[in-house]
Amino acid sequence: MRRKLLIGNWKMNSSLAANTILLNGIKAGAGKTGCEMAVCVPAPYFAQCQAELTGSNIAWGAQDVSTHDIGPYTGEISVAMLRDFGCRYAIVGHSERRMNHGETDQVVAEKARRAIVNGITPVVCVGETLAQREAGKTAEVVGQQLDAVLSAIEPDDLWNIVIAYEPVWAIGTGKTASPQIAQEVHAILRAKLSARNSAAASGIPILYGGSLRPDNAREILQMHDIDGCLVGGASLNASDFLAIAAAAS
Ligand code: PEP
């Protein structure tokens with residue numbers, strides 16, 4: 001049995017005051033869900049998460065990380081800085097970073113590599129646009145995105161990685177992939193991981209992300225290769241986030 005994992009991606013939302021309410025709400029219900037939970041928050045809130053979540057069973061992490069260790073990279077945040085604040089995870093290759101910041105597969109791969117080497121678990125996002133899906137290119141696109149990461153890391157590094165399949169057309173749009181579509185892509189991703197390290201691949205959490213809500217999470221999460229989810233909008237509401245966690249477990 002693979003572990004079930006639910007990660008919230010707050011994106012550029014919330015505030016100190018709102019975070020306190022949200023984190024307390026999640027903490028209050030976390031024990032009952034039986035699934036691992038984490039929140040990936042804007043960097044200014046790492047310290048708050050460390051203060052409020054240490055000792056709980058909820059982890060925290062970043063939404064991005066630099067490809068550099070130190071130096072003249074204005075605005076960037078290194079993996080060592082994430083470690084200073086107890087981050088366990090760093091999302092890399094979210095489609096909003098790929099689209100809005102021109103992140104290539106190679107940049108994403110280097111971010112993932114650097115995170116792993118420094119003891120942070122990367123949550124590697126892959127996903128196709130609507131045009132790519134309609135052109136029948138989903139397997140090719142997600143395959144290339146994952147291959148770039150697999151080429152940058154060692155087979156043993158797969159013991160410390162999370163993959164998230166996030167069809168770009170489903171993010172923040174209210175459209176969710178059908179359970180069958182999502183399962184098909186997750187199986188392709190697991191086969192690729194397995195070709196690199198079959199023992200590790202059978203335990204790698206492959207999360208689904210894209211417009212998940214309490215009312216549509218359960219049917220997606222029942223699928224064999226879907227081990228949890230990466231949740232955007234619904235992670236900003238404690239009761240919605242907990243309801244998705246309950247569906248995951
Ligand atoms: C995301 O951006 O990672 C995401 C899944 O967003 P939403 O749940 O809002 O579609």
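**Cysteines and ligand shell**

Modeller: The sulfur of Cys35 lies 7.5 Å from the closest cysteine sulfur, that of Cys229, which is too far for a bond. Cys229 is likewise in no disulfide, a term for a pair of cysteine sulfur atoms within 2.5 Å. A search of the whole structure finds zero disulfides. This is a predicted model, in which local features need pLDDT of at least 70 and side-chain atom pairs count only at pLDDT 80 or more, while totals for chains, interfaces and linings use all residues. Residues are numbered from 1 along each chain as its sequence is written, and side-chain values use heavy atoms, with hydrogens and water left out.

Both cysteines are buried: Cys35 has a relative accessible area of 9%, and Cys229 has 0%. Buried here means under 20% relative accessible area, with a 1.4 Å probe and protein chains only.

We turn now to the ligand. There are 14 residues around the ligand, each with a heavy atom within 4 Å of it. Among these 14, Lys11, His94, Glu166, Gly172 and Ser211 come nearest. By class, the shell holds four nonpolar, eight polar and two charged residues; Gly counts as polar, and Asp, Glu, Lys and Arg as charged.

The side chain of Glu166 places an N or O atom 2.7 Å from a ligand oxygen. For Ser211, a backbone N or O atom lies at 2.7 Å from a ligand oxygen, and for Gly232 a polar backbone atom is 2.8 Å from one. Taken alone, the ligand exposes 290 Å², of which the protein buries 95%.

Terms used
Buried < 20%, exposed > 50% of the residue type's maximum accessible area, 1.4 Å probe, protein only. Polar contact = N/O pair within 3.5 Å; in protein donor to acceptor, adjacent residues only side chain to side chain. Areas by Shrake-Rupley, 256 points an atom, 1.4 Å probe, with all protein chains shown as cover.
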